[in-house]
Amino acid sequence: MYHFPVVVVNSVGDSSAPCAAALIDFADQRICAGAVDALQTLDEVAALVVIADATLDDMDAVELAEVIRDIDAENNRFTYIILTG
């Protein structure tokens, strides 16, 4: 079992079952419904990897990546961001 924190961001209402099943070996995975939920999660807990759907309802995925970079800069950390889509 891997202990790398992973955050998966889907559009509100989308099923995260396929992605969650693929990441079953990661003990610390968090599934977020939308960019706002993801940003609240990342503000509380750091993630090594964020996997985000490129077609989010509440924020453009590139904008989400920029905000994650700002959070990383404030907290002196680095998050790998993967946009899918």
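Buried residues make up 35% of the 85 residues in the protein, where buried means under 20% relative accessible area, exposed over 50% and partly exposed in between, with a 1.4 Å probe and protein chains only. This is a predicted model, in which local features need pLDDT of at least 70, side-chain atom pairs count only at pLDDT 80 or more, and totals for chains, interfaces and linings use all residues. Residues are numbered from 1 along each chain as its sequence is written, and side-chain values use heavy atoms, with hydrogens and water left out.

**The whole chain**

Display the protein as a cartoon. Three helices and four strands are present, and along the sequence they follow the pattern β-α-β-α-β-α-β. Helices (H or I, at least four residues) and strands (E, at least two) are DSSP runs, numbered from the N terminus. Contact here means heavy atoms within 4.5 Å. Among the contacts with a separation of 6 or more, 60% are accounted for by residues 24 or more positions apart. Switch to a surface: the protein exposes about 4900 Å², of which carbon and sulfur atoms supply 54%. Such areas come from the Shrake-Rupley method with a 1.4 Å probe; for residues, only the protein chains shown count as cover.

**The nonpolar cores**

Next, select Val7, Val9, Leu39, Leu42, Val50, Leu64 and Ile68, which touch the most other members of the largest nonpolar core, a set of 15 residues. A nonpolar core is a set of buried Ala, Val, Leu, Ile, Met, Phe, Trp, Tyr and Cys residues joined through side-chain atoms within 4.5 Å. Strand E1 (6-10), H2, strand E3 (49-53) and helix H3 (61-75) each supply at least two residues of this core. Which element gives the largest share of this core? It is H2, with four residues. Apart from this core lies another, of five residues, including Val6, Leu23, Val49 and Ile51. In soluble globular proteins, nonpolar side chains tend to be buried together.

**Helices H2 and H3**

Select H2 and H3 together. Their axes come within 11 Å and cross at roughly 10 degrees; axes are lines fitted to C-alpha atoms, for helices over the stretch in contact, and angles run from 0 to 180 degrees between N-to-C directions. H2 and H3 are therefore roughly parallel to each other. Show the side chains of Ala35, Leu39 and Leu42 in H2, which meet Leu64, Val67, Ile68 and Ile71 in H3.

Center on Val7. Not counting residues up to four places away in sequence, Val7 touches Arg30, Cys32, Thr41, Leu42, Ala47, Val49, Val50 and Ile51.

Move to Cys32, in strand E2 (residues 29-33). Is Cys32 buried or exposed? Cys32 is buried, with a relative accessible area of 3%. Beyond four places in sequence, Cys32 touches Val7, Val8, Val9, Asn10, Asp37, Ala38 and Thr41. Draw a C-alpha to C-alpha distance from Cys32 to Ser11: they are 8.5 Å apart in space and 21 residues apart in sequence.

Then select Thr41, which is found in helix H2 (residues 35-44). Thr41 is buried, with a relative accessible area of 13%. With residues up to four places away in sequence left out, Thr41 touches Val7, Arg30 and Cys32.

**Asn76**

Finish at Asn76, in the loop between H3 and strand E4 (80-84). Asn76 counts as exposed, at 75% relative accessibility. Its phi is near 55 degrees, a positive value in a residue other than glycine. Most residues other than glycine have a negative phi.

Key. Parallel < 35°, antiparallel > 145°, perpendicular 65-115°, else oblique.
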